[in-house]
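Please look over the coordinates with the notes below to hand. They are meant for reading beside the structure.

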Amino acid sequence: MAMSMSPLWIPLDECSTNITIVSQADIDNLHLTRLETCFNNITITGAQGTLVFDNLTEANGLYVQDSTDLEALSFPDLFALSAFSATNVPALSNISFPVLQSVGLLPYGNSGWEVPPPYFGSEDRNLIDVVIKNAPALKTFDFGLLTGFFGLEIIGADSLAQPDPAGYYDSIISNINSSYTLSLDGCYTLGHLNFAHFVQLVGRPDCHYLLANWHSVLNLTLIDTGASSLDINFPFMINGSLTANSLYLAPENSSSYSEVFYFVSSIGYNANLTSNTNVDLSLGQVQTLGGSFTASNNTNCTFAFNKMSEVTDNITITDNLDSIIPWFPDLRRAENIHLRGNIDTSKGPNIFPALSTVPGTVTIEAWNSDFNCSQLVRQEQAGIIRNLVCNGTDGTGDDTSQGSPSLLGGAWTGVCVAIGIVILESVIMF
């Protein structure tokens, strides 16, 4: 995620020096003064103890790597920076940028909050990209007045956030109001966040993500957040894609948690729900998807799509053990539909009662033998479904149907009645 670009306020030819720092002596030998214009990239590697960069005012990138004994970093005079990363720094407990400045992301153009392009007069727009990985001892992360980021990725910094008496986790992250990309794997309170374009949250048990001022995102990825609480207000718009992977609840706790995506009002492109266990994956408020819907390899999960009316591309719900595939009471259109698993028969064979067109193929592989394809056959005959493949299986791959896969259950009954009428008419004529 870390960038390497010239700061907006310094021409590239004035910011071309790269340096490597191993010790405080290396810093002292630079003889920095406040008149120093800029460094391009500063790499800190194999460092130990505490490093203090007095009089360093501007830099393009600061990259800390493989410094297992580094304990503290201080940049008391640095006010302009484009990128910072610290990786594999297990002893690092303090990072300090007390005077770093930024106005964050600003409303721009007709599409809401975005990163404005460089232009004359934008010198004070310091959009910094920050990556911190494997910093388990990090407790203090002082970014001064900085509240907006271009990118923020914090992975493996468990000590950075501490719970307050109300159960919320407080840290410098709590002051963030914007970040174009955001990737976190700890319990962080983000009550001031009102803009983030690409977000990935990797959950921890009993995390409470306070996101009450956040109303939309482009792509949202949730990994192992099943035991976490997402405090997001409805309606919440996902303008791109939703991904949920490895959400897990212990069986004894699954009944105490509600629908995971209760806050989602719309999804602009895809929804991918895979490898989740004991959670409610319903999209009860979502009416349309501009791409495809996929739910595969989930176990003991609940699904409901009561308001889903149109999916631009495909619906794929396959191989979800101990889970029921529900009916789609309001679905009118999808390009292709593939269902494989235990299909709800409580509403009868009409699992798509509002369907108006499927220009591709509907494939049904029912694991439960009580499902029949009669209504789907009627919809195919009426031209609503262009191609139909419908057969019942017992969940082991063995076909329990007889004859043509498009003529099962009630459909076979109708054929037999028709044949009987023809034979009876022939007998009467003779």
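The numbered points below take up confidence, backbone, strands, rings, salt bridges and the disulfide.

1. Confidence. This is a predicted model. The protein chain averages a pLDDT of 81, and 77% of the residues score at least 70. Two stretches need care. Over residues 1-13 pLDDT stays under 50, and the model has 44 contacts beyond four places in sequence for them. Over residues 393-430 pLDDT also stays under 50, with 41 such contacts in the model. Where pLDDT is low, the predicted coordinates should not be read in detail.

2. Cis peptide. The peptide bond between Phe-234 and Pro-235 is cis, with omega at about 5°. Pro-235 is placed in the loop that runs between β20 (229-231) and β21 (236-238).

3. Positive phi outside glycine. His-31 is not a glycine, yet its phi is positive, at about 50°. The residue belongs to the loop between α1 (24-28) and β2 (39-45). With a relative accessible area of 62%, His-31 is exposed. Asp-319, also a residue other than glycine, has a positive phi near 60°. Its loop is the one between β27 (310-318) and β28 (324-325). Asp-319 is partly exposed, at a relative accessible area of 25%.

4. Parallel strands. Strand β16 (residues 195-202) runs parallel to strand β15 (residues 178-184), and six bridges join the two. Within this pairing, Ser-179 stands opposite Ala-196 in β16. Strand β16 is also joined to strand β19 (residues 219-223), again in parallel, by five bridges. Here Gln-200 has Thr-221 in β19 as its bridge partner.

5. An aromatic pair across β15 and β16. The whole structure holds 16 aromatic pairs. One of them is Tyr-180 with Phe-198, an edge-to-face pair at 5.9 Å centre to centre and 65° between the planes. Tyr-180 is in strand β15 and Phe-198 in strand β16, 18 residues apart, and the pair links distant parts of the chain. How accessible is Tyr-180? Tyr-180 counts as partly exposed, at 22% relative accessibility. Phe-198 is likewise partly exposed, with a relative accessible area of 31%.

6. A phenylalanine cluster. Ring pairs also link Phe-53, Phe-75, Phe-84, Phe-97, Phe-141, Phe-143 and Phe-149 into a cluster.

7. Is Glu-153 buried or exposed? Glu-153 is buried, since its relative accessible area is 12%, whereas Lys-133 is partly exposed at 35%.

8. Further salt bridges. Asp-330 meets Arg-332 in a salt bridge of 2.6 Å, N to O. Both ends are partly exposed: Asp-330 at 24% relative accessibility and Arg-332 at 39%. Glu-335 forms a salt bridge with Arg-333, where the closest N and O atoms are 2.9 Å apart. Glu-335 is partly exposed, with a relative accessible area of 27%, and Arg-333 is partly exposed at 23%. Asp-319 returns in a network of salt bridges that links it with Arg-340 and Glu-365.

9. The disulfide. The structure has one disulfide, which joins Cys-373 to Cys-390 with an S to S distance of 1.8 Å. What does Cys-373 to Cys-390 tie together? Cys-373 is in the loop between β30 (358-366) and α2 (374-381), and Cys-390 is in strand β31 (residues 385-392), so the pair ties together parts that are 17 residues apart in sequence. The torsion about the S-S bond is about -75°, so the disulfide is left-handed. Both Cys-373 and Cys-390 are buried.

10. Helix α2 and a further cysteine. In α2, the buried residues are Ser-374, Gln-375, Leu-376, Val-377 and Gln-379. Elsewhere, Cys-301 counts as buried at 5% relative accessibility.

Note on methods
Residues are numbered from 1 along each chain as its sequence is written. This is a predicted model: local features need pLDDT of at least 70, side-chain atom pairs count only at pLDDT 80 or more; totals for chains, interfaces and linings use all residues. Side-chain values use heavy atoms; hydrogens and water are left out. A disulfide is a pair of cysteine sulfur atoms within 2.5 Å. Helices (H or I, at least four residues) and strands (E, at least two) are DSSP runs, numbered from the N terminus. Buried means under 20% relative accessible area, exposed over 50%, partly exposed in between (1.4 Å probe, protein chains only). pLDDT is the predictor's confidence in each residue, from 0 to 100. Contact means heavy atoms within 4.5 Å. Two strands pair if DSSP finds at least two bridges between them. Rings of Phe, Tyr and Trp (its six-membered ring) pair if their centres lie within 6.5 Å; planes under 30 degrees apart count as stacked, over 60 as edge-to-face and the rest as tilted. A salt bridge is a side-chain nitrogen of Lys or Arg within 4 Å of a carboxyl oxygen of Asp or Glu.
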